[in-house]
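Thanks for coming. Please have the sequence and the model open, and I will go through a few places in turn.

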Amino acid sequence: MGEYLSFLEKKNELKRIKVEVDRYLEITEIADRFVKVGGPALYFERVKNSNFPLAINIFGTWDRVISAIGNPEDIAKRIEELLKFPTKKVGFWDALKSLPDVLGLINIKPKIVNKAPCQEVILKGDEVNLGDLPILHCWPLDGGPFITLPLVITQDPITKERNLGMYRMQVFDKNTTGMHWHHHKDGARHYSKLNPGEKMPIAVAIGADPATIYAATAPLPPNVDEFVFAGFLRGSGVEMVKAVTSDLLVPAQAEFVLEGYVVKGELRREGPFGDHTGFYSLEDDFPVFHVDCITHRKNPIYVATIVGRPPMEDAYLGKATERIFLPMLKMTLPEIVDINLPIEGVFHNLAVVSIKKQYPGHARKVMHALWGLGQMSFTKFIIVVDEDVNVHDMSFVRWKALNNVDPERDIEIVKGPVDVLDHAAPYPRFGSKMGIDATRKMKEEGLVREFPPDIVMDKKIKDLVSKRWKEYGF
């Protein structure tokens, strides 16, 4: 992280704030103003009542995402190339799990070390005080301060498979926080396998390298190690070290690591909090994380983000996910040409999908297939358009959809699971979804008259005008 911030500073993409600022609301307001205009990353040298500096907005532009993890379009091409190999018979993720035997990519597996910068300072017992960290209180109605960019490491109590996730952590007091994992998250799945009263060790890294931070947000299958995926993005394995108080492995280069446990059945009321939807998520009961130990570098940097009305930093990370995971989507649905998850739809409210339409009802087949795929199952609106539509040009999409759609014929409403943050749904995690077929219609789909062609200028004339443009005096 230190290297990444130095890189940003050399590119004039990091602004240092030398005056004292308050972690209560003030930093959020400053950061929000910068992220909304594509401003630089921010480095607060003096945070009130903390001895640690704070960095924020590190992913707040598309260029910074490219600097942090590589160009998502290039990463998608690397994945497409891997999918062409014989390993595709078992799937990309199965191949990724057995990388020692696949394409000589063993160097992307995690590397275990015995000594790590993240453990230069070790605090236990009465020395543990989360209040010393510059943890943000972001919005006026928030239930309290919370850790906004935590890398939560859990292990399946039965299979011992590891997971790296990112879950909101409200600070309750000096050594306890909430663990806000939704029901469909892997951390919650691990927790559900515990017996009542059983403890589960957890480690939380703050300020790992940018690729590992991104990997924690990626919608990977449950049995795929996020640290291996981070190594795939980086081109080299993530250094890991054994935690001080458990057998969990943690990122050796992290700035901070919180070590502790949750107990099955111990819940506490958490929230409300301003969320990435732009609205407050309501109070609910979640497990309590007990912090036994804090380790950190000698001069650590607390790394944070804020979520709220888009666009925010998470919008750029979400767009990276959209591009990186498109090849896997095409592997399941090869008729898909492209997909756009508009930022305003906060990634689960709207998907615009272009397809190579081949038969009547093809658009509806794609809708239902997407609703059956992992987190795509939460998509509230799906608009399917023809392959000649640029799904990222929303003006063009609106023109096509508003003109090609007959509401009675082309709209399908279904019921099913929705995102837990969908406050419009009548019930928690259950509601309705709409599919809109904006493709050209076939007679078999109920069109009894001719479907008109688009107005398109003759190519020879377009080339002629382009050639003579300066001659016209323009």
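R429 is partly exposed, because its relative accessible area is 37%. The cut-offs are these: buried means under 20% relative accessible area, exposed means over 50%, and partly exposed is in between, with a 1.4 Å probe and protein chains only. This is a predicted model, in which local features need pLDDT of at least 70, side-chain atom pairs count only at pLDDT 80 or more, and totals for chains, interfaces and linings use all residues. Residues are numbered from 1 along each chain as its sequence is written, and side-chain values use heavy atoms, with hydrogens and water left out.

Back to R429, which sits in the loop between β23 (411–417) and β24. Helices (H or I, at least four residues) and strands (E, at least two) are DSSP runs, numbered from the N terminus. The phi of R429 is positive, near 70 degrees, and the residue is not a glycine. Most residues other than glycine have a negative phi, and most peptide bonds are trans. N57 also has a positive phi, of about 65 degrees, without being a glycine. N57 belongs to the loop between β3 (54–56) and α3 (62–69). Is N57 buried or exposed? N57 is buried, because its relative accessible area is 1%.

Now the peptide bonds. G271 and P272 are joined by a cis peptide bond, with omega about -5 degrees. P272 is in the loop between β15 (267–270) and β16 (273–274). Another cis peptide bond joins P310 and P311, with omega about 5 degrees, and P311 is in the loop between β19 (302–303) and α9.

Two packed helices are described by the angle between their axes and the distance between the axes. Helix α4 (residues 72–83) packs with helix α9 (residues 313–324) at an angle of about 30 degrees, and the axes are 8 Å apart. So α4 is roughly parallel to α9. Here the axes are lines fitted to C-alpha atoms, for helices over the stretch in contact, and angles run from 0 to 180 degrees between N-to-C directions. Angles under 35 degrees count as roughly parallel, over 145 as roughly antiparallel, 65 to 115 as roughly perpendicular and the rest as oblique.

Next, charges. Side chains of opposite charge can pair when their charged atoms come close. The structure holds 32 salt bridges, a salt bridge being a side-chain nitrogen of Lys or Arg within 4 Å of a carboxyl oxygen of Asp or Glu. One of them pairs K319 with E322, where the closest N and O atoms are 2.8 Å apart. K319 and E322 are three residues apart in helix α9, so about one helical turn separates them. Both K319 and E322 are buried. They belong to a salt-bridge network that links E73, K319, E322, R323 and D338.

Which residue forms a salt bridge with K400? The partner is D454, with the closest N and O atoms 2.5 Å apart. This pair links distant parts of the chain, 54 residues apart: K400 is in helix α12 (residues 394–404), while D454 is in the loop between β24 and α14. K400 counts as buried because its relative accessibility is 5%, whereas D454 is partly exposed, at 31%.

M457 is found in the loop between β24 (430–437) and α14 (459–467). M457 is exposed, because its relative accessible area is 51%. That is where I will stop.
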